[in-house]
Amino acid sequence: AAKNFVDARSDAWEVRHNTLLSIPNTLSLIADDMVESGEYNRTTINLAYAASILADIDMFAWPRVNTIQESTSIVRSIGHAHINNDRQVEAVLVKALERFPEFDHSFYLTADKESRLARLALRANQSENDRLIIKDSERFFAIDDIARSIAVDRFGAQVVDTSRMTERE
């Protein structure tokens, strides 16, 4: 959706994916590697992502160009911590929400299971979050419910159900 928006515009836009920064911080890259390795338990991974989010907040400076903050990882990380019963990690992240920047507009894009699976089948690269809907869709949607609630309550996000939309729409 962010790519389609940027492609349709005549003015310049920067897209930041999963990070408040122009490029991911080192802790974020380490946490991603930890997930991919499969060697770490969920609490350790949640702590790594929490540290990465706190580093993002510490290093954040308001962009000087039009920017889409796409896929804000704090909302998913809180969802993961909650579902995993990592209450201490969850508490740290919820507290971090107080320092998280407020953006001009916020949207939460969602889709039903069938639409998500159909879209995943077309993707060459799939993240761990993508694969979670295949492995454990109940867990995926429990995390998604928490993330959506945070996006709406904290950021005033408008929820957009993309289930019946084409990629271009």
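I started with the salt bridges in this structure and counted 11 of them. The model is a predicted one. For the count I took a Lys or Arg side-chain nitrogen within 4 Å of an Asp or Glu carboxyl oxygen. As background, I noted that side chains with opposite charges can pair when their charged atoms come close.

Entry on Arg-16. I looked up its partner and found Glu-14, with 3.1 Å between the closest N and O atoms. Is Arg-16 buried or exposed? Arg-16 has 6% relative accessibility, so I put it down as buried. Glu-14 has 21% relative accessibility and therefore goes down as partly exposed. The cut-off for buried is under 20%.

Entry on Arg-148. I found a salt bridge to Asp-144, where the closest N and O atoms are 3.3 Å apart. Where do Arg-148 and Asp-144 lie? I located both in helix 8, which covers residues 137-155. They are four residues apart there, about one turn of the helix. I listed Arg-148 as partly exposed because its relative accessibility is 23%. Asp-144 has a relative accessible area of 6%, so I listed Asp-144 as buried.

Entry on Asp-145. I saw that the Asp-145 side chain also meets that of Arg-148 in a salt bridge, 2.6 Å from N to O. Asp-145 and Arg-148 are three residues apart in helix 8, so about one helical turn separates them. With a relative accessible area of 41%, Asp-145 is partly exposed. Which residues do the shared partners join into one network? I wrote down Arg-116, Asp-144, Asp-145 and Arg-148.

Technical notes
Residues are numbered from 1 along each chain as its sequence is written. This is a predicted model: local features need pLDDT of at least 70, side-chain atom pairs count only at pLDDT 80 or more; totals for chains, interfaces and linings use all residues. Side-chain values use heavy atoms; hydrogens and water are left out. Buried means under 20% relative accessible area, exposed over 50%, partly exposed in between (1.4 Å probe, protein chains only). Helices (H or I, at least four residues) and strands (E, at least two) are DSSP runs, numbered from the N terminus.
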